[in-house]
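Subject: Handover of a structure and its findings

Dear colleague,

Please find the structure below, together with its sequence. I would be grateful if you would read the notes that follow alongside it.

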Amino acid sequence: MRPFGTEPPPIRSLYAGFIALLAALLVGSLVPPAHAAVAPDRARPALKASWPGNTPNTTGGKDYFIDATLGRDASAGTSPATAWRTLAKANATTFAPGDRILLKAGEQWQDQQLWPKGSGSSGKPVTISAYGDPNAGRPYIATNGKVPSPFNADGTKNPATVGLTGAIVLRNQQYWEINNVELSNDDDFATDITAGSYVRDGIMVSINADLLNSGADSIMDHFRISDVFVHNLDGPSYWQKLHYGAVDFQVFGSRSYKAYGTGGYYFKDVRIENNTFENVELHAVQFAFNWFAADGADAGQYDENGKWHEGWEQLWVRTRDLYSRDVYIGHNYAESIGQGAIQLADTKNMTVEYNEVNGFLKRYDAVSCALYLWAGADSVMQYNEVYGGPDNEYDGTPWDLEYTNFNVTYQYNYSHDNSAGWMAYMGNSSNSVARYNLSVNDNGVLVKNMLSTNYSPTYFTNNTFVYDGADLDYVHDETFLSRVYFLNNIFYNTSTTTPTPWYRRTGALRQAVFSNNDYYESGGTHSSQEPADPRGLRADPRFVADPADYVTGAGVARIREAAAHFALRDDSPLIDAGRYNPHLGTADFLGTHIYYGDAPDIGIAESRIGPQVTNPVDDDPIEEETDNRVDLALGKPVTASSTHPGANGTLTADKLTDGDLTTRWAAADDAAYPITLDVDFGADTTFDEVYLDEYTDSGTNPRVQSFALQRWDAGTGAWVTFTSRDDGIGHDRTVTGFGSVTTSRLRVALTGQIATEQYTPTMTEIAVYRTAE
């Protein structure tokens with residue numbers, strides 16, 4: 001526990017050994033001088049040369065001063081000599097554009113909350129900041145939990161009080177800047193809250209849709225939060241269906257999202273930077289919607305492709321254009337965070353960079369990750385460092401390719417010493433990319449989960465994974481449900497006794513395509529599970545420094561020192577051994593152009609060996625590498641005995657032969673067995689293999705227990721069974737062993753349902769092959 005008014009700790013030391021430092025020197029030419037010269041994030045001086053309030057107001061507004069010791073609320077408040085005393089005086093004041101609320105440095109306001117009224121305007125924000133002795137600490141608001149409860153007596157959320165739970169509160173206000181203050185919001189720093197209902201924030205900024213008058217502006221514009229120190233926010237270690245944290249932006253409404261308009265109810269132009277967060281619940285930084293009826297039975301929706309999204313997946317944020325936008329979150333330090341440290345949602349055009357997370361999920365047992373975006377779009381997470389994560393079966397990873405993301409990229413991030421693994425991976429997303437990231441000792445699951453199919457393939461390119469195979473759970477723990485490409489990655493196993501464990505479920509990598517990766521086993525023995533990779537290598541990468549002496553403690557401003565440790569020596573076999581694809585982007589972790597020489601290198605760092613290829617072209621697309629066998633059922637008409645009427649009529653039988661595992665057919669809820677699916681070849685066709693695949697997602701299991709394959713006998717005008725199975729279909733069921741069958745029509749008869757399943761079958765594909773000549 002830190003006494004009030006003390007500054008965040010000074011710069012942390014660099015813990016890497018001599019070899020790591022030498023490595024950084026060896027590759028120093030790879031690091032642009034602008035980055036090499038930057039001081040570590042937390043090297044900011046503890047004391048200010050001058051507080052912002054000591055300089056003139058340049059926005060044309062008035063300055064209001066607050067002094068907790070010498071001030072008087074009866075005074076004018078417009079000079080240090082006539083300062084107000086309490087925050088209540090500011091709370092009773094409506095401020096005008098350009099005004100500043102200046103708190104005296106070194107002072108503290110115990111048991112008080114700051115909720116000033118009014119809004120700024122473009123070029124004239126209202127500012128909360130500090131003034132006074134530059135040798136004094138930040139002004140300190142210690143709210144001590146003295147905030148309204150966001151819950152009614154019966155435990156339901158109270159629309160009138162949600163969002164009023166911060167040490168500093170803004171509600172339906174815009175054009176505000178907050179800087180150079182210290183905040184806490186806990187009545188007992190020494191005791192961890194584990195029961196009851198408590199929601200306490202540092203800075204709580206909200207849009208309450210129910211309190212906006214008809215025709216009122218529902219887009220809250222321009223927020224700046226910087227140089228703020230928030231610590232000791234406590235709450236119970238279980239989910240109360242309300243987010244809270246050090247800096248919290250939320251949108252509230254007591255009715256269903258369907259009751260509100262489109263194209264509004266969001267934040268715009270937000271910057272959260274250079275802040276320090278320690279010992280906070282649940283989050284350090286949070287962006288989210290919190291509609292009260294987003295998870296009911298009628299809250300879900302089908303998209304234009306017939307894919308179902310539960311209400312909590314928040315596809316409605318996209319379809320109704322409710323994204324917050326133009327958000328920057330950078331250069332923040334978060335330590336000992338109760339749940340997910342930087343948990344973001346419902347935002348587009350977001351950049352999240354140079355943030356450091358030191359310990360997350362410290363006091364929370366349920367799912368979350370350190371730094372991630374949910375239901376977002378057109379955003380990038382880069383140059384962030386995460387370490388000290390939990391050993392958690394569900395999520396718990398530093399990063400997360402979450403539900404309902406569109407065009408979200410993780411690049412140039414560094415994670416190390418996280419027991420749950422590297423990246424959670426959910427689904428129902430499009431164009432997810434993770435490239436040029438460094439992972440060291442994230443010894444859980446490297447790519448964890450996959451609970452739904454995606455709209456388009458996901459790309460994991462040029463990442464470097466260094467792990468202990470004896471401690472690693474798996475590379476992947478579930479089953480990839482749609483196409484995933486692994487290109488130019490390094491899988492470096494430091495264990496001399498245990499080869500890499502790749503998966504725990506049969507067929508886990510069925511939709512994963514591996515090309516031009518390097519698989520290095522320190523023990524010399526490769527796993528029988530290692531994926532097929534005809535262009536891959538099994539070579540020592542020859543890093544410039546010893547992987548065991550990886551860099552820690554340098555801070556994110558020097559994050560490239562950690563990456564430079566894993567650059568390749570000039571004699572590395574991985575140079576020019578990669579494969580170009582547009583999803584590689586244009587630069588590596590060190591800022592080097594992609595690429596030099598005959599091909600990109602494998603791993604996070606491109607060597608400047610060979611001529612620069614200024615405008616790379618993908619003349620060998622991996623996406624065109626498909627099974628060269630002819631699917632005899634592709635595009636053929638299919639007739640189903642039952643079809644589900646939902647999903648806007650998209651669950652039709654033609655999806656079974658379209659060659660796309662992300663589309664599906666479903667039987668009606670009242671379908672009677674046998675349920676038949678008849679493929680019409682149009683002419684006699686000979687085959688000896690049939691491929692079947694059921695659809696699953698986070699709430700859908702395989703449902704077929706037994707089935708039969710039948711041919712049409714034109715002579716007798718009857719269906720004839722040529723093989724049957726009673727051990728289910730599931731994923732990637734290939735049926736052979738029935739010899740060669742010649743017929744003009746194939747029937748797949750689903751004859752029985754798994755006893756524990758309530759709903760009728762849904763399938764993605766029927767494919768037919770002739771393998772024997």
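The notes below go from the overall fold to particular residues.

The model is predicted, so to speak of local features a pLDDT of at least 70 is needed, and side-chain atom pairs count only at pLDDT 80 or more, while totals for chains, interfaces and linings use all residues. Residues are numbered from 1 along each chain as its sequence is written, and side-chain values use heavy atoms, with hydrogens and water left out.

Overall fold

For 773 residues, a compact globule would have a radius of gyration near 28 Å, and the 29 Å of the protein chain agrees with that. The radius is taken over C-alpha atoms, and the globule rule is 2.2 Å times the number of residues to the power 0.38.

Of the 773 residues, 61% count as buried. Buried means under 20% relative accessible area, exposed over 50%, and partly exposed in between, with a 1.4 Å probe and protein chains only. Among contacts (heavy atoms within 4.5 Å) with a separation of 6 or more, 78% come from residues 24 or more positions apart.

Strands and sheets

An open sheet of 5 strands runs in the order E42-E44-E49-E46-E47, with antiparallel pairing. E42 and strand E47 (718-725) stand at its edges with a single partner strand each, so one side of each is left without a neighbour in the sheet. From one strand to the next, the twist averages 25°; the axes are lines fitted to C-alpha atoms, for helices over the stretch in contact, and angles run from 0 to 180 degrees between N-to-C directions. Strand E46 (residues 704-713) pairs with E47 in the antiparallel sense over 7 bridges, and Trp 712 stands opposite Trp 719 in E47. Two strands pair if DSSP finds at least two bridges between them.

Elsewhere, strand E39 (residues 490-493) and E41 pair in the parallel sense over 4 bridges, with Ile 490 opposite Asp 518 in E41. In a regular strand the side chains alternate between the two faces of the sheet. In strand E41 (residues 518-521), Asp 518 and Tyr 520 point one way and Tyr 519 and Glu 521 the other way, and all are buried.

Nonpolar cores

The largest nonpolar core has 122 residues, of which Phe 249, Phe 267, Trp 291 and Phe 491 touch the most other members. Such a core is a set of buried Ala, Val, Leu, Ile, Met, Phe, Trp, Tyr and Cys residues joined through side-chain atoms within 4.5 Å. Not counting residues up to four places away in sequence, Trp 291 touches several residues, including Val 251, Phe 252, Tyr 257 and Trp 316.

A second, separate core of 38 residues includes Tyr 383, Val 440, Val 466 and Leu 574. Leu 574 is found in the loop between helix H5 (559-564) and strand E42 (638-640), and its 0% relative accessibility makes it buried. Leaving aside neighbours within four places in sequence, the contacts of Leu 574 include Ile 490 and Asp 518.

Salt bridges

The structure holds 29 salt bridges, each being a side-chain nitrogen of Lys or Arg within 4 Å of a carboxyl oxygen of Asp or Glu. Lys 104 and Asp 67 form one of them (3.2 Å, N to O). Lys 104 lies in strand E3 (residues 100-104) and Asp 67 in the loop between strand E1 (63-66) and helix H3 (87-91), so this pair ties together parts that are 37 residues apart in sequence. Lys 104 is partly exposed at 23% relative accessibility, whereas Asp 67 is buried at 3%.

The closest N and O atoms of Arg 200 and Asp 186 are 3.2 Å apart in another salt bridge. Both residues of this pair are buried, Arg 200 at 4% and Asp 186 at 3%. In a further salt bridge, Arg 224 meets Asp 269 (3.0 Å, N to O). Arg 224 lies in strand E12 (residues 219-226) and Asp 269 in strand E15 (residues 266-273), so the pair ties together parts 45 residues apart in sequence. Finally, Arg 535, Arg 579, Asp 620 and Glu 625 are linked in a network of salt bridges.

With kind regards

Technical notes: Helix = DSSP H or I, 4+ residues; strand = E, 2+ residues; numbered from the N terminus.
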